[in-house]
Amino acid sequence: MIKAHPLHGPNKLKLGVFSTNADGGLAITDVPERWTASWQDNLTAAQIADRAGLEFMLPIARWRGFGGRNKVREWSFETFTWAAALAVATEQIGLFMTVHVPLVHPLYAAKALATVDHISQGRAGLNIVCGWNPKEFGMFGTPLVEKGYDQAAEWIEILEKLYASAEPLDYEGTYYRLKEAVSRPASLQAPRPVTMNAAFGGPGRDFAAARCDYLFTTFSEMSDAGKHVADISERAEKVGRDVGVYTVAHVVCRPTMEEAQAYYTRYAVDLADHDAVDAHMASKKEFSQSHDPHAYDRYRQRFAGGAGTYPLIGTPETIAADMAAIAGQGYQGIALSFVNYTRELPYFCDHVLPILRKAGLRVT
Ligand SMILES: Cc1cc2nc3c(=O)[nH]c(=O)nc-3n(C[C@H](O)[C@H](O)[C@H](O)COP(=O)(O)O)c2cc1C
């Protein structure tokens, strides 16, 4: 018997660490302590998170960077192999793999994902992305798919059918044709590992509602963060399902608000890698719907600070209060990024987690 996946654990607000596998994490900055995503640092960050009882490590899927001084994100570790290695170096944390549907065949994904689920004894997680960057897809000679989520529906159906069948099966779809396909072993988790879809737009939400366990998404304003949760719940209800929502934030946690804000200004304004911020924002704005449209005009600092995600900047008390507000809007979990994960995670875990425990948001 495998243990329940950490995402099914008792904490009301689940917490994880996002994007340690890529240069810069989510930040686009030139500060000397910027994250260079070495393997040793990935390992250390995962072990800190594991020991602190955080629920998950979630990698970004990136094949190409955004230029600028540091060629930010050009260096990134592939996510199946990254998770497999972390599986033997950690004990209880969930390990996601972020997979581009159009770039990875579902038969390959089924086998790789099941492999990590076995190595980790049921701690694997799948984060599906359809992708948005035409230059990245160009490296594979693959055009951006117009109806990415139609392809994703076939992709996940194949993966589930392969796990369900010990006998070879044929599959005839619009995007995939499989002849006498088999993939053993199946994942330990049944019918498949915990699965989220990272998306913001309507078709991505409908896909998550119909086929995944969670939507992983962004919001721009705390005041209306709950509307995204209500929207996905409505879409899930229509297809008779219950789908949770996770979001993403970048964190600067310091003993005083002044220190936190000064550091946020330093790394995400004064020493932002501005050419790369421009390139990232321009291509995201043109090709992706992963944020509220007004975010690009209003929140440049957020793009330098954490690729356009929500900022949690402050003291342990204010950050815990912001997290409680996010949970209050209906989000079940938050994936967090830091400028330098190994330096900043210990302070965050030591000072924010106890406040969340007192608030009843976390029991472990
Ligand atoms: C929270 C979040 C995380 C994402 N992570 C990735 C990623 O790691 N790699 C990637 O290529 N796209 C990523 N995306 C982009 C999606 O793949 C998708 O292309 C984008 O959100 C636009 O399409 P949508 O309308 O489905 O949201 C992410 C999107 C969101 C909202």
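This is a predicted model: local features need pLDDT of at least 70, side-chain atom pairs count only at pLDDT 80 or more; totals for chains, interfaces and linings use all residues.
Visitor: How much of the ligand's 600 Å² does the protein bury?
Guide: A backbone N or O atom of Ala61 lies 2.9 Å from an oxygen atom of the ligand, and a side-chain N or O atom of Arg62 is 2.9 Å from a ligand oxygen atom. A backbone N or O atom of Cys130 lies 3.5 Å from an oxygen atom of the ligand. Of the 600 Å² that the ligand exposes when taken alone, the protein buries 94%.

Visitor: How many residues in the shell around the ligand are nonpolar, by class?
Guide: The ligand is surrounded by 19 residues, and the closest are Arg62, His100, Gly131, Tyr149 and Phe200. By class, seven residues of this shell are polar and one is charged. The nonpolar residues number 11.

Visitor: Is Glu172, which meets Arg177 in a salt bridge, buried or exposed?
Guide: The side chains of Glu172 and Arg177 are 2.9 Å apart, N to O. Arg177 has a relative accessible area of 61% and is exposed. The cut-off for that class is over 50%. With a relative accessible area of 54%, Glu172 is therefore exposed.

Visitor: What separates Arg235 and Asp231 in helix H7?
Guide: Their side chains meet in a salt bridge of 2.8 Å, N to O. Arg235 is partly exposed at 23% relative accessibility, and Asp231 is partly exposed at 22%. Because Arg235 and Asp231 are four residues apart in helix H7 (residues 225-238), the separation is about one helical turn.

Visitor: How many residues apart in sequence are the parts that Arg300 and Asp278 tie together?
Guide: The side chains of Arg300 and Asp278 meet in a salt bridge, 2.8 Å from N to O. Arg300 lies in helix H11 (residues 300-306) and Asp278 in helix H9 (residues 274-287), so the pair ties together parts whose distance in sequence is 22 residues.

Visitor: Which residues are linked in a network of salt bridges?
Guide: Side chains of opposite charge can pair when their charged atoms come close. The count of salt bridges comes to 16. The network links Glu160, Arg192, Arg211 and Asp213.

Visitor: What is the accessible area of the nonpolar surface patch formed by Trp63, Met139 and Phe140?
Guide: Trp63 lies in the loop between strand E2 (56-58) and helix H2 (79-89). At 35% relative accessibility, Trp63 counts as partly exposed. Together, Trp63, Met139 and Phe140 have an accessible area of about 280 Å².

Methods. Residues are numbered from 1 along each chain as its sequence is written. Side-chain values use heavy atoms; hydrogens and water are left out. Patches are made of residues with over 30% relative accessible area and no salt bridge: like charges are joined within 9 Å, nonpolar side chains (Val, Leu, Ile, Met, Phe, Trp, Tyr) within 5 Å. Accessible areas come from the Shrake-Rupley method with a 1.4 Å probe; for residues, only the protein chains shown count as cover. A salt bridge is a side-chain nitrogen of Lys or Arg within 4 Å of a carboxyl oxygen of Asp or Glu. Helices (H or I, at least four residues) and strands (E, at least two) are DSSP runs, numbered from the N terminus. Buried means under 20% relative accessible area, exposed over 50%, partly exposed in between (1.4 Å probe, protein chains only). A residue is near a molecule or strand if one of its heavy atoms lies within 4 Å of it. A polar contact is a pair of N or O atoms within 3.5 Å; within protein, one must be able to donate a hydrogen and the other to accept it, and residues adjacent in sequence count only if both atoms are side-chain atoms. Ala, Val, Leu, Ile, Met, Phe, Trp, Tyr, Cys and Pro count as nonpolar, Asp, Glu, Lys and Arg as charged, and the others, Gly among them, as polar.
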